[in-house]
Amino acid sequence: LAQAFPPPDKNFTSAVEMALGRPEMQCPPELWVERTEDRPGHPDEQKLSMLTAVRQGLHGYLYRADGSDFGPFDTLPDAVDCLADIQGDMAVLTASLHECAELHLAFSELLSDEAEGN
């Protein structure tokens, strides 16, 4: 997430907003919700919302002020400090993070600029 959508946050927000309007041909099948009686097919808002929540919850870690890489923490207190700064319910965040990781390629495809040209 940090590499695909570096600050400012408005770039990520804009990419999500544009993704919500994409037609089926420009949306990976894993992220497409089929048409129902009352609604046409559309990109999955719940999954995009989950991705946004994960990004927000991990924002302090993903966009550390020191610009450090994702390498291992130097000390246990460093790791604990990072975890203490994470916002939200850790169990929900962990489950969402796992699902987002499984959908990483689909999210990357849907949120990329190239999706417009498919």
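Helices (H or I, at least four residues) and strands (E, at least two) are taken here as DSSP runs, numbered from the N terminus. The model is predicted, so local features need pLDDT of at least 70 and side-chain atom pairs count only at pLDDT 80 or more, while totals for chains, interfaces and linings use all residues. Residues are numbered from 1 along each chain as its sequence is written, and side-chain values use heavy atoms, with hydrogens and water left out.

**Whole chain**

Start with the protein chain in cartoon view. It has six helices and two strands, and from the N terminus the order is α-β-β-α-α-α-α-α. Switch to a surface: the accessible area of the protein chain is about 7900 Å², and carbon and sulfur atoms hold 55% of that. Areas of this kind come from the Shrake-Rupley method with a 1.4 Å probe, and for residues only the protein chains shown count as cover.

Of the 118 residues in the protein chain, 32% are buried. Buried means under 20% relative accessible area, exposed means over 50%, and partly exposed is in between (1.4 Å probe, protein chains only). Contact means heavy atoms within 4.5 Å. Among contacts in the protein chain with a separation of 6 or more, 64% join residues 24 or more positions apart.

**Helices α2 and α5**

Next, select residues 45-57, which form helix α2, and residues 90-102, which form helix α5. The axes of α2 and α5 come within 9 Å and cross at roughly 120°. Axes are lines fitted to C-alpha atoms, for helices over the stretch in contact, and angles run from 0 to 180 degrees between N-to-C directions. The crossing of α2 past α5 is left-handed, that is, the near helix is turned anticlockwise from the far one by less than a right angle (clockwise would be right-handed).

Show side chains at the crossing. On the α2 side are K47, M50, L51, A53 and V54, and they meet L93, S96, L97, E99 and C100 of α5. The residues of this contact divide into seven nonpolar, one polar and two charged. In this count Ala, Val, Leu, Ile, Met, Phe, Trp, Tyr, Cys and Pro are nonpolar, Asp, Glu, Lys and Arg are charged, and the others, Gly among them, are polar.

Centre on S96 in helix α5. Is S96 buried or exposed? S96 counts as buried because its relative accessible area is 14%. Leaving out residues up to four places away in sequence, S96 touches M50 and V54.

Then move to G57, also in helix α2. G57 is buried, at 7% relative accessible area. Draw a C-alpha distance from G57 to D89: the two are 32 residues apart in sequence and 9.0 Å apart in space.

**F107 and helix α6**

Select residues 104-111, helix α6, and pick out F107. F107 has a relative accessible area of 4% and is therefore buried. Which residues is F107 in contact with, leaving aside neighbours within four places in sequence? They are L31, K47, L48, L51 and C100. E30 is 77 residues from F107 along the chain, and their C-alpha atoms are separated by 9.2 Å.

**Cysteines and Q26**

Now colour C27 and C100. C27 is buried at 7% relative accessible area, and C100 is buried at 6%. A disulfide is a pair of cysteine sulfur atoms within 2.5 Å, and the count by this rule is zero.

End at Q26, in the loop between α1 (9-20) and β1 (32-33). Q26 is buried, with 14% relative accessible area.
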